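Please consult the sequence and the three-dimensional view shown here before reading on.

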Amino acid sequence: MDINLWSAFVLATSVLLVIPGPTVLTVISYSLANGRSAHVPLVAAIALGDCTSLSLSLLGLGPLLSTSAFWFNVVKIMGGLYLLWLGATLFRSGISTIALPSTPAPTTRWRLFFNTYLVTALNPKGIVFFVAFLPQFVNPAIDVTFQLWVLAVTFVLMAMANATVYATFAATARRILSSPRAQRHFKLAGGLLLSAAGVWALLARRAT
């Protein structure tokens with residue numbers, strides 16, 4: 001696929017993964033409660049959860065975008081508007097703080113895996129986000145389905161690396177995320193990135 005689009009996707013995904021969300025907070029919480037024994041089931045659960053969400057998104061999205069230039073443009077426009085809305089939401093919430101979950105009691109690896117998988121895979125906002133986000137980095141002149149799966153695999157690998165880092169440095173990460181100043185910076189960066197992706201989608205040359 002287009003190396004420039006892929007590189008832009010990697011950069012955008014890097015910023016988005018760092019922004020604390022339900023999955024990151026779950027990783028930190030369980031890591032503090034269970035220590036190093038939580039790392040493998042946490043990362044495995046996030047990988048499988050992201051694969052589930054991405055597969056649900058792409059099974060319908062790939063064939064649709066491959067066969068119709070009209071629907072490709074519709075998805076790009078609707079996705080761009082959705083990303084702008086997400087960016088505006090982050091800007092508006094920039095002065096608030098994220099409520100970190102209390103550290104749960106130590107639990108078994110299977111229970112930890114199952115709980116984290118559910119948080120990651122069954123978040124409907126995640127599925128909608130993938131539908132809006134991935135097409136912004138696709139060249140309609142090349143095999144669309146192949147490009148979407150390349151982006152999906154890239155995202156899963158990066159999400160696993162991100163989870164590993166947060167799990168390894170859970171105590172430090174928790175202190176950082178507890179800082180209102182850090183949270184404002186996270187949300188500002190995320191809001192700028194999402195808004196930029198939305199503007200990019202709306203201004204990009206339409207496929208014919």
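## Helix α5

In helix α5, the buried residues are Leu-112, Thr-116, Tyr-117, Thr-120 and Ala-121. Because they cover an arc of only 135° around the axis, they lie on the same side of α5. An α-helix has 3.6 residues a turn, so residues three or four places apart point the same way. The model described here is a predicted one.

Helix α5 comprises residues 109-121, a run of 13 residues. From its first C-alpha to its last, α5 reaches 18 Å, close to the 18 Å expected at 1.5 Å a residue.

## Helix α1

Helix α1 is formed by residues 3-18. Its 16 residues should span 22 Å at 1.5 Å a residue, and the end C-alpha atoms are 23 Å apart, which agrees.

The buried residues of α1 are Leu-5, Phe-9, Ala-12, Thr-13, Leu-16 and Leu-17. They are placed on the same side of α1 because the arc they cover around the axis is only 130°. On the face turned away from this buried side, α1 carries the exposed residues Ile-3, Asn-4 and Leu-11. Asn-4 also takes part in a contact at the start of α1, where a side-chain oxygen of Asp-2 reaches to within 2.8 Å of the backbone nitrogen of Asn-4.

## Helix α7

Helix α7 covers residues 144-168.

The N-terminal end of α7 is capped by Asp-143, which has a side-chain oxygen 3.2 Å from the backbone nitrogen of Thr-145.

## A nonpolar surface patch

Met-1, Ile-3, Trp-6 and Phe-146 make a nonpolar surface patch of about 370 Å². Of these residues, Ile-3 is among the exposed residues of α1, while Phe-146 is found in α7. Phe-146 has a relative accessibility of 46% and therefore counts as partly exposed, since that class lies between the cut-offs of 20% and 50%.

Val-18 is found in helix α1. With a relative accessibility of 34%, Val-18 counts as partly exposed.

How far apart are the C-alpha atoms of Val-18 and Asn-162? They are separated by 7.3 Å, although the two residues are 144 residues apart along the chain.

Key. Residues are numbered from 1 along each chain as its sequence is written. This is a predicted model: local features need pLDDT of at least 70, side-chain atom pairs count only at pLDDT 80 or more; totals for chains, interfaces and linings use all residues. Side-chain values use heavy atoms; hydrogens and water are left out. Helices (H or I, at least four residues) and strands (E, at least two) are DSSP runs, numbered from the N terminus. The expected span of a helix is 1.5 Å times one less than its number of residues. Buried means under 20% relative accessible area, exposed over 50%, partly exposed in between (1.4 Å probe, protein chains only). The arc is that of the directions from the helix axis to the C-beta atoms. A polar contact is a pair of N or O atoms within 3.5 Å; within protein, one must be able to donate a hydrogen and the other to accept it, and residues adjacent in sequence count only if both atoms are side-chain atoms. Patches are made of residues with over 30% relative accessible area and no salt bridge: like charges are joined within 9 Å, nonpolar side chains (Val, Leu, Ile, Met, Phe, Trp, Tyr) within 5 Å. Accessible areas come from the Shrake-Rupley method with a 1.4 Å probe; for residues, only the protein chains shown count as cover. A salt bridge is a side-chain nitrogen of Lys or Arg within 4 Å of a carboxyl oxygen of Asp or Glu.
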